[in-house]
Structures are given as C-alpha cells and as structure tokens.
Amino acid sequence: MNYIEEENKYVLNNFNLIDILDFTKNNRVEIIIGTDHLYQCFINYKKGDGCYATSLTPLYALLIGIKQYNKNKP
C-alpha cells in the first residue's frame, strides 16, 4: 500500500481553499516536521497541547488537523 498516494487522493477529493482561508483567518495553524520526520499540524498551540494530525504529507496533515480541531473544538 502506498500511503503517500492515499493521502494525496484524500487531499485531491477534499481540498477546499475557501474553507482553509476562512479557518486560518481566525486560527493560528502551524505545520512542522517532527523528530520522526512526519508532518504535524498544530492549531492555536499553547504549551502542553498536542498536535491535531500527523501524516506523511503536509496538506493531509492540514486537512485532517482542521477536521479534528473542528470536531473537538475547545
């Protein structure tokens, strides 16, 4: 199984620039590469918070991170 290809398919089918722009107007979003060389998505990070998504590709981390944040809004 090619996990990067699967993530890219998800991004192609779910990427909505308007939604991302609207979300980032009100939230601080950071995509970093962790020590495990995976992309991590942090949203409105405060000390002690974890990331909302980890993945092989940055856009997948972004989309899943936003989805998880909205699902578990503080």
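How many nonpolar, polar and charged residues are in the lining of the largest pocket? Hold that thought while you set up the view.

This is a predicted model, where local features need pLDDT of at least 70, side-chain atom pairs count only at pLDDT 80 or more, and totals for chains, interfaces and linings use all residues. Residues are numbered from 1 along each chain as its sequence is written, and side-chain values use heavy atoms, with hydrogens and water left out.

**Stop 1: the sheet.** Select S1, S2 and S3: these 3 strands make an open, antiparallel sheet in that order. (Strands are DSSP runs of E, at least two residues; helices are H or I, at least four; two strands pair if DSSP finds at least two bridges between them.) Strand S1 (29-33) and strand S3 (53-55) are at the edges with a single partner strand each, so one side of each has no neighbour in the sheet.

**Stop 2: S1 against S2.** Between S1 and S2 there are 5 bridges. Click glutamate 30, and you'll find its bridge partner in S2, phenylalanine 42.

**Stop 3: glutamine 40.** Stay in strand S2 (residues 39-43) and pick glutamine 40. It counts as buried because its relative accessibility is 16% (buried means under 20%, with a 1.4 Å probe and protein chains only).

**Stop 4: the pocket.** Now select Tyr10, Asn14, Asn16, Asp19, Ile20, Phe23, Leu63, Ile66, Lys67 and Asn70, which line the largest pocket. (A pocket is an open set of points on a 1 Å grid over the protein atoms alone, where a 1.4 Å probe fits, with protein on both sides within 12 Å along at least five of seven lines; lining residues have an atom within 4 Å of a point.) H3 gives the most to this lining, 4 residues. As for the opening question, the lining has 5 nonpolar, 3 polar and 2 charged residues (Ala, Val, Leu, Ile, Met, Phe, Trp, Tyr, Cys and Pro count as nonpolar, Asp, Glu, Lys and Arg as charged, the others as polar).

Definitions and conventions
Buried < 20%, exposed > 50% of the residue type's maximum accessible area, 1.4 Å probe, protein only.
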